[in-house]
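Please read them alongside the coordinates.

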Amino acid sequence: MDAVVEMTSVTKEFGSKQAVRNVSLAVARGSAVALLGPNGAGKTTSIAMMLGLLRPTRGQVRLFGGDPGSAGQHAHMGVMLQSVSVPDRLTVVETINLFRGFYPAPLPTERLLAAAGLKEEGRTMAHRLSGGKMRRLQFALAMAGDPQALFLDEPTVGMDVTSRRQFWDELRGFIASGKTLLLTTHDLQEADMVADRVIVMNEGAIVADAPPERIKMEFGGRQVSFAAGAGVDLAQLDRLPDVLGVQTAGRKVMIRTTDSDALLRRLIQGEWDISDIQVTGAGLEDAFVRLTTEMGERA
Amino acid sequence: MKATLSQWKAELLRTGRDRRFFLLTLGMPVAFYLIFINQQGGDAQIAGTFWGEYFMVSMAAFGVLGSSINTFGVRLAAERKGGWVRLLRTTPLSSFGYALAKTLTQLTLSLLIVIVVFAVAHFSQHVDLAPARWLEIVAWLWLGSLPFAALGVLIGMAGNAAQALGTLVYLALSMLGGLWTPVQALPKTMQEVARWMPTYHFARPAWNLLSGHSVQWSDVAILLAYFVLFISLAALVQRRVDSRPEG
């Protein structure tokens with residue numbers, strides 16, 4: 001079995017509401033997958049079914065080729081869920097050791113403290129940690145069993161900038177060693193940083209499934225911005241080829257385009273009176289916003 | 001098994017730091033014993049035995065009930081509410097292993113409470129029984145505590161209401177089951193109510209053992225029935241609560 005997780009025609013209903021509609025996907029061993037979508041898109045419900053926390057109404061979910069609900073399938077994976085509070089009256093080290101005790105071949109406590117950046121907090125009572133450090137502790141718990149696969153539901157919520165940087169460094173090391181990652185996040189730029197595959201969900205269904213570069217090119221393109229001189233007729237910009245959209249703020253212009261190279265050539269060769277030219281890749285955020293609105297319009 | 005032991009160890013560590021456990025759950029039965037024994041005098045005769053011995057059993061039962069509800073039930077409620085139980089369900093610790101660890105913890109605490117209350121009675125009131133009798137009574141109170149662990153699980157399903165509900169059940173079962181005032185001293189209707197209380201059937205065999213009688217099967221049967229009732233209700237509530245949608 002090469003897939004870590006396999007969902008086949010999975011539907012989950014709560015009463016009359018369909019949270020997940022006929023979703024099929026497989027997460028290959030060694031891949032890094034980001035699950036994106038607005039609140040209520042069905043990401044958390046999907047992850048919950050992958051982990052055996054919820055049973056699908058229809059369809060089948062396999063985890064490491066077996067039943068996701070069986071504790072025996074959980075020996076080689078680590079999980080971060082949203083809004084989990086740790087038990088009171090245990091120190092950080094004791095909480096980590098509690099989790100280490102669950103796994104057949106846990107990582108050393110020191111290694112986990114270092115990975116989570118909690119070396120100073122080992123003796124602190126775990127439930128008194130600040131929001132960011134609490135998330136880092138939960139990352140240490142996810143890593144406790146030396147997992148082959150990590151499932152992270154909105155992992156960086158509540159982390160400060162320094163914590164995030166260290167966290168992504170750790171995750172990149174994890175992926176580089178050939179292990180499997182599945183995460184959901186609202187910080188699409190960060191998903192872009194680690195994922196080699198992005199699955200976009202909206203209203204319970206998968207609306208896109210591609211490498212982040214493709215998602216960005218297909219749905220967002222690139223962004224060219226500049227300051228336009230007084231002689232430039234802004235209305236003409238819309239008529240240029242490859243232009244997806246134009247935004248202006250005073251004389252400041254931002255153009256979203258499918259081909260920034262061709263657009264620049266045209267602007268320079270046409271001797272447009274423009275200055276301060278900048279080209280940026282449109283973030284996944286833009287792609288995502290566009291994608292979901294397009295889906296909405298189509299519906 | 002390793003996972004269960006890890007969980008058990010952490011539970012005991014937490015209890016060792018729980019001031020509420022020592023002050024209330026363990027402290028109250030001990031304080032009540034010392035106070036009420038002096039009002040009546042430990043040598044007073046009751047139910048074929050002495051008040052000092054009889055009330056020792058009452059307070060041990062009261063302590064076991066308290067830890068089942070306050071330590072076990074309320075802690076379980078917090079762990080469920082805080083999403084901790086959900087996270088544990090994604091680990092190699094099985095639901096059975098978790099339940100087993102909780103039960104082992106509860107049995108450990110029950111044993112501790114019974115021994116502490118008995119030690120206080122022994123040293124303050126010179127309660128002295130034959131070694132075999134001590135063992136019988138300790139063993140009964142120890143194993144008989146299981147239905148109350150199941151009650152703790154049920155209270156653990158009550159979410160935010162667990163603390164208030166727990167306190168209510170704790171006090172009601174103690175009073176109505178005759179743990180504070182002997183059943184013989186209660187009005188007739190109250191005596192009838194007591195006969196239906198799990199606490200009464202938990203303490204009565206131990207009182208009987210004091211006066212040389214043996215454990216009656218009717219008590220065991222009623223406790224077993226309560227055990228099944230509490231566990232079934234808890235399973236029922238759990239199924240309803242855990243199938244709710246999420247974000």
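How many residues of chain A are in contact with chain B, and how many of chain B with chain A?

1. The model is predicted. In it, 27 residues of chain A are in contact with 25 residues of chain B. On the chain A side, the elements that give two or more residues are α1 (43-50) and α2 (92-100) of chain A. By class, that side has 17 nonpolar, eight polar and two charged residues.

2. Chain A is divided into domain 1, residues 3-216, and domain 2, residues 222-281. The centres of domain 1 and domain 2 of chain A, taken over C-alpha atoms, are separated by 41 Å.

3. One open sheet of chain A has three strands in the order β2-β1-β4, paired antiparallel. Its edge strands, each pairing on one side only, are β2 (17-28) and β4 (58-63) of chain A. From one strand to the next the twist averages 20°. Strand β1 (residues 3-14) of chain A is joined to β4(A) by five bridges. Opposite A:Glu6 stands A:Arg62 in β4(A).

4. Another sheet of chain A, also open, has four strands in the order β11-β12-β10-β13, with antiparallel pairing. Here the edges are β11 (243-249) and β13 (274-281) of chain A, each of which pairs on one side only. The twist averages 20° from one strand to the next. Six bridges connect β10 (residues 222-228) of chain A with β13(A), in the antiparallel sense. A:Arg222 has A:Gly281 in β13(A) as its bridge partner.

5. Which helix lies across this four-stranded sheet? Helix α9 (residues 260-269) of chain A lies across β10, β11, β12 (252-257) and β13 of chain A. The helix α9 of chain A runs at about 20° to β10(A).

6. The largest nonpolar core has 79 residues, of which A:Val33, A:Ala140 and A:Phe151 touch the most other members. Helix α4 (residues 131-143) of chain A provides the largest share of this core, six residues. In soluble globular proteins, nonpolar side chains tend to be buried together.

7. Which residues does A:Val33 touch, leaving aside those up to four places away in sequence? They are A:Val27, A:Leu181, A:Leu182, A:Ala195, A:Arg197 and A:Ile199.

Note on methods. Residues numbered from 1 in each chain as written. Chains lettered and ligands numbered in written order. Predicted model: local features only at pLDDT ≥ 70, side-chain atom pairs only at ≥ 80, totals over all residues. Contact = placed C-beta atoms within 7 Å. Nonpolar A, V, L, I, M, F, W, Y, C, P; charged D, E, K, R; others polar. Pairing = 2+ DSSP bridges. Axes fitted to C-alpha atoms, helices over the stretch in contact; angles between N-to-C directions. Core = buried A, V, L, I, M, F, W, Y, C linked by C-beta atoms within 7 Å. Buried ≥ 20, exposed ≤ 12 C-beta atoms within 10 Å, placed from the backbone. Domains from an automatic or database assignment.
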